[in-house]
Amino acid sequence: MTPNVDSMLNENNDRLSLVFLKSQIRYHQEFAPFARRPLTSMLIETTAQVFDIPLGKAFVWVNFFLLFLSGVLLYTLSRALYASQKQGLGNMVAYFLSFSVLFSFFPPVFSYDEPLQYCLILLALWAVVQRQWLLYVLFFTLSLITRETSVLLIPALFFFCPGIPNEKKPSHTHLKRYAVLFSPVLLYGLFIGYYLETNDLWGATQNEMSSRFGCFLENFENTKNTIESLTSLFLSLGPFLYLTYVLLKRKTVATFDKKWLHAFLLTVALNTPLVFLTSFARESRLFALPLFFLWPVFSQLFGRELRLVTHRVTYSQLAKNPRYILVFLGLTLFNYLFCFQVYKKLGLGENNYFTAYLFVLVLLLSTHFVAKRLKTFYSFG
């Protein structure tokens with residue numbers, strides 16, 4: 001909340017921008033693509049009425065509380081997946097430092113329904129782990145009502161349907177599980193049909209859907225938009241894709257780990273083309289959906305790789321090897337030139353710390369890349 005920072009909440013001021021936030025709430029209630037997602041707006045309006053506060057303050061109360069709650073739910077899910085207390089806290093740190101969460105309310109990320117969607121998805125995943133199928137149907141149906149993009153997680157959930165990977169022929173029990181996993185889609189279909197009919201949104205929704213594919217051309221219509229679109233993808237998924245690649249290169253990967261990694265990659269394959277084709281890629285939160293298959297197990301999967309970056313031996317051995325020092329300096333120079341001479345001068349990343357985040361992110365990945373090469377010659381990490 002300082003004048004040199006531009007966000008949804010303050011617009012380069014040191015106080016809440018109540019007028020802008022109110023306009024965003026009204027926009028989400030009236031514009032067809034958002035009007036069919038009523039839950040967040042209902043929570044904000046109810047909070048404003050109950051506590052007699054402006055809509056802008058209610059927006060902050062609701063969404064920041066939901067972000068906090070999503071972190072608690074992530075920790076709970078991690079513990080249900082046999083994470084230690086330390087690993088659970090590490091997963092929360094990875095979650096809150098992820099680009100799409102840390103910069104939730106900065107343009108052009110512009111989060112609105114995501115905090116509620118995140119809570120409901122985490123509750124649904126917890127229900128799957130606990131085999132509480134009625135709770136799964138409830139929470140996942142609500143997540144679809146909050147944002148229909150949640151449906152893209154369902155194909156990857158089959159990796160976790162108990163017993164299916166070990167069965168040559170699906171039993172009747174497992175076939176029922178397939179049906180249960182898909183049942184929220186049916187319930188959402190019934191809801192959205194009724195809601196669009198009741199609120200006379202069919203025509204507006206059809207017009208909006210037909211115009212969606214024009215987004216692809218805008219995402220890549222010039223150099224600036226192309227760099228912004230690809231950088232947005234990298235900021236959201238780049239470090240996770242890199243770590244997944246490193247882990248899958250190992251000769252032995254536990255079956256438990258493979259399930260989460262494959263679920264993540266499958267959702268990336270489904271979600272990423274859809275974002276480029278039908279949405280504005282600069283809204284990097286749209287790429288983050290696959291991360292629900294990594295956030296709950298981040299420390300369990302990648303703890304060894306993270307220790308490689310933080311281990312003092314990495315840097316002492318690097319200092320003894322001029323060849324790798326040159327490689328690291330070359331990567332860092334390229335990183336600096338792109339972030340501060342290309343990305344920033346195109347008018348991207350200003351007043352929001354995106355440039356600094358991108359530079360630090362690539363610096364950490366470069367450090368890990370060089371450390372992995374060093375590990376070929378030295379035994380540590």
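Author: The model is predicted. Let us begin with charges and rings: the charged end of Arg-282 is placed over the ring of Phe-280, at 4.7 Å from the ring centre.

Reader: Over which ring does the charged end of Arg-373 sit?

Author: Arg-373 has its charged end over the ring of Phe-369, 4.6 Å from the centre of that ring.

Reader: How many aromatic pairs does the structure hold?

Author: There are 34 aromatic pairs. The angle decides the class, because planes over 60 degrees apart count as edge-to-face.

Reader: Which parts of the chain does the pair of Phe-59 and Phe-105 tie together?

Author: Phe-59 belongs to helix H4 (residues 55–80), while Phe-105 is in the loop between helix H6 (99–102) and helix H7 (114–129), so the pair links parts that are 46 residues apart in sequence. Are these two residues buried or exposed? Both Phe-59 and Phe-105 are buried.

Reader: What is the geometry of the pair formed by Phe-216 and Phe-220?

Author: Phe-216 and Phe-220 form a tilted pair, 5.3 Å centre to centre and with 55° between the planes. Phe-216 counts as partly exposed, because its relative accessibility is 35%, and Phe-220 falls in that class because its value is 30%. The reasoning rests on the cut-offs: buried means under 20% and exposed over 50%.

Reader: Which residues form an aromatic cluster?

Author: Tyr-95, Phe-96, Tyr-118, Phe-292 and Trp-295 form one such cluster.

Reader: With which residues is Phe-293 in contact, leaving aside neighbours within four places in sequence?

Author: Among them are Leu-125, Leu-153, Phe-160, Trp-260 and Phe-264.

Reader: Is Asn-225 buried or exposed?

Author: Asn-225, which lies in helix H13 (residues 223–248), is buried, with a relative accessible area of 12%. Not counting residues up to four places away in sequence, Asn-225 touches Glu-218 and Asn-219.

Definitions and conventions. Residues are numbered from 1 along each chain as its sequence is written. This is a predicted model: local features need pLDDT of at least 70, side-chain atom pairs count only at pLDDT 80 or more; totals for chains, interfaces and linings use all residues. Side-chain values use heavy atoms; hydrogens and water are left out. Rings of Phe, Tyr and Trp (its six-membered ring) pair if their centres lie within 6.5 Å; planes under 30 degrees apart count as stacked, over 60 as edge-to-face and the rest as tilted. Helices (H or I, at least four residues) and strands (E, at least two) are DSSP runs, numbered from the N terminus. Buried means under 20% relative accessible area, exposed over 50%, partly exposed in between (1.4 Å probe, protein chains only). A charge sits over a ring if NZ of Lys or CZ of Arg is within 6 Å of the ring centre and within 35 degrees of the ring normal. Contact means heavy atoms within 4.5 Å.
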